[in-house]
Amino acid sequence: LNARCVEMTECGANNGGCDTMTRCSMASGGRECSACPPGFAGTGKEGCKPLLVGLTVDGAAMLEPTFMPVTLTYRVRVPLLTQRIQLLPTLPANARAMLNGNKLAPGTPWTSPVLKLGETTFSLQLTAEHGTVSEYLITVERTGGQEAYIQAENGDASDQFGFWVSL
């Protein structure tokens with residue numbers, strides 16, 4: 001037998017080498033793969049990577065930049081008194097998510113561990129049913145800025161610490 005490599009010239013076997021989420025067709029004497037479906041990026045020839053449909057952060061925290069499925073890096077700034085945040089990723093059909101290696105249940109918010117002062121980065125990985133992976137990085141910055149303080153009820157009292165305070 002003479003074994004040799006042959007380029008795929010038909011779509012019958014293994015979807016012609018196209019991603020299983022796409023269609024294979026024969027045109028101009030060669031194989032063509034259709035585009036990836038909504039919620040996925042890439043080409044049928046290279047593989048369709050899942051994209052987030054949405055990403056929300058609880059409370060007053062703001063996602064920066066504004067969410068777009070193709071943006072893979074985000075920042076969230078929270079004040080010192082915020083110890084945890086909740087993230088709710090919305091996934092495309094037939095994709096699963098892991099956040100820092102922990103499986104996420106679809107439609108369920110994820111609560112962070114206690115945030116350290118400074119920056120903490122979380123890795124959100126989406127995996128399509130056929131194995132292609134997309135990774136989003138979310139950096140949470142917990143700042144030490146003082147936004148408010150307790151003032152004595154007695155208006156005549158000094159605002160200096162170590163003096164009169166009435167509660």
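## Disulfides and a buried alanine

A disulfide joins C11 to C24, with an S to S distance of 2.0 Å. Please keep in mind that this is a predicted model. The link of C11 and C24 is left-handed, with -70° about the S-S bond. C11 sits in the segment before strand 1 (24-27) and C24 in strand 1, so the pair ties together parts 13 residues apart in sequence. C24 is buried, at 16% relative accessible area.

Searching the whole structure turns up three disulfides. Here they are side by side:

| Disulfide | S to S distance | Torsion about S-S bond |
|---|---|---|
| C11 and C24 | 2.0 Å | -70° |
| C18 and C33 | 2.0 Å | about -80° |
| C36 and C48 | 2.2 Å | about -90° |

The disulfide of C18 and C33 is left-handed. This pair links distant parts of the chain, with C18 in the segment before strand 1 and C33 in strand 2 (residues 30-33). C18 counts as buried at 6% relative accessibility, whereas C33, at 23%, counts as partly exposed.

The disulfide of C36 and C48 is left-handed too. C36 lies in the loop between strand 2 and strand 3 (40-43), while C48 belongs to strand 4 (residues 47-50), twelve residues away. Both of these cysteines, C36 and C48, are buried. With the bonded cysteines numbered in sequence order, the pairing reads 1-3, 2-4, 5-6.

Now for the alanine. A61 is found in the loop between strand 5 (54-57) and strand 6 (62-64). Is A61 buried or exposed? A61 counts as buried because its relative accessibility is 12%. Beyond its neighbours within four places in sequence, A61 is in contact with V76, R77 and V78. The C-alpha atoms of A61 and V76 are 6.3 Å apart, although 15 residues separate the two along the chain.

Technical notes
Residues are numbered from 1 along each chain as its sequence is written. This is a predicted model: local features need pLDDT of at least 70, side-chain atom pairs count only at pLDDT 80 or more; totals for chains, interfaces and linings use all residues. Side-chain values use heavy atoms; hydrogens and water are left out. Helices (H or I, at least four residues) and strands (E, at least two) are DSSP runs, numbered from the N terminus. Buried means under 20% relative accessible area, exposed over 50%, partly exposed in between (1.4 Å probe, protein chains only). Contact means heavy atoms within 4.5 Å. A disulfide is a pair of cysteine sulfur atoms within 2.5 Å.
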